[in-house]
Amino acid sequence: MRHDLTDLRLFVNVGNTLSLTKAAEKTFLSLPAASARVKHMEEAFKTRLLVRQATGVALTPAGEVLLRHARQVFTQLECLNADLQPYSHGIKGRLRILANTTATNSFLAEALGSFLAEYPDVDIELDERISGEIAMAIRAGNGDLGLVAGNVDVEGLDVMPLFRDELVAVTSLKHRLAGAGKARFADLLETDQFVGIHPNSAIQIFLEDIASGMGKQIIQRVHVHSFEAVCRMVGAGVGVAIVPRGCVRRYSEPETLNILKIEDPWAQRERLLCRQRGRDLPRFAESFIEHVVRAAREESLNDASQTK
């Protein structure tokens, strides 16, 4: 029973796309060739690996097992390439990072900048998702490292606490709550229109879920594509917003904003770095973790100084 790397790469792509057509394209195979390879694997293992459906394919339990092992094979190959890099030239490493919106707009930028300067031959694949999806993806082997926040199920993962951060409400200086110091999210939902970051961002989905759980809806006046733009809109009186405290600190004109502490438990969030338990990662991944820890520590100190 012999399978080459093309077979395994094809099956990984099938598992990622749940489409034999898309998987064939990603593996640079024709659809008949890809179908034949899957058929040969099924004959070799004497079991079905895929179930054809109208909208694509689904993996059988045996297919799920093969997918897990195929991903482990490519992870080990990445580790091999990375560990041999000091002895050769032209071999590039790759690190797959999954992070929520807050991380990508705060300390992660500093961590990536310093890491990539030290490791110019390593490529970073950064995927922004909500924290719950990140934990599930890391658990399934669909990423190397995950940065999550809040009450997330991290069962089966190795977890490193980074620091505690805070979501705050921001208003213009002319808002009726200017100087109030604190507010409840439910009250803001009743009375205010909101400025938010793009609808598919992790933090926006998180806030929509919180509001839905309260039986309420966010009245969204405008969506923009960065926290800088959110703060600028708020300062101009367009609406209120919920943002990480660190992003307010980074705003170019913080003096134009009024900051309110949110009186809801979910506003205080643990920031965690997670990885699949027992999974080997390239040596440069351990260095990246060190860069993340340093950047997170600096972020925590800066946020603490702002609240004093």
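I looked up Trp266 and found a relative accessibility of 17%, so Trp266 counts as buried (under 20% relative accessible area, with exposed over 50% and partly exposed in between; 1.4 Å probe, protein chains only). The model is predicted: local features need pLDDT of at least 70, side-chain atom pairs count only at pLDDT 80 or more, and totals for chains, interfaces and linings use all residues. Residues are numbered from 1 along each chain as its sequence is written, and side-chain values use heavy atoms, without hydrogens or water.

I next listed the aromatic pairs and noted six in the structure (ring centres of Phe, Tyr and the six-membered ring of Trp within 6.5 Å; planes under 30 degrees apart are stacked, over 60 edge-to-face, the rest tilted). Phe185 and Phe194 make an edge-to-face pair, with 6.1 Å between centres and 80 degrees between planes. Both Phe185 and Phe194 are buried. Phe206 and Trp266 also pair edge-to-face, at 5.9 Å centre to centre and 75 degrees. That pair links distant parts of the chain, 60 residues apart: Phe206 lies in helix α9 (residues 202-213) and Trp266 in the loop between β11 (257-262) and β12 (268-276). Helices (H or I, at least four residues) and strands (E, at least two) are DSSP runs numbered from the N terminus. Phe206 counts as partly exposed because its relative accessibility is 26%. I recorded Phe185, Phe194, Phe206 and Trp266 as one aromatic cluster.

I then turned to helix α1. The buried residues of α1 include Leu8, Phe11 and Val14. Just after α1, I noted a positive phi of about 55 degrees at Leu18.
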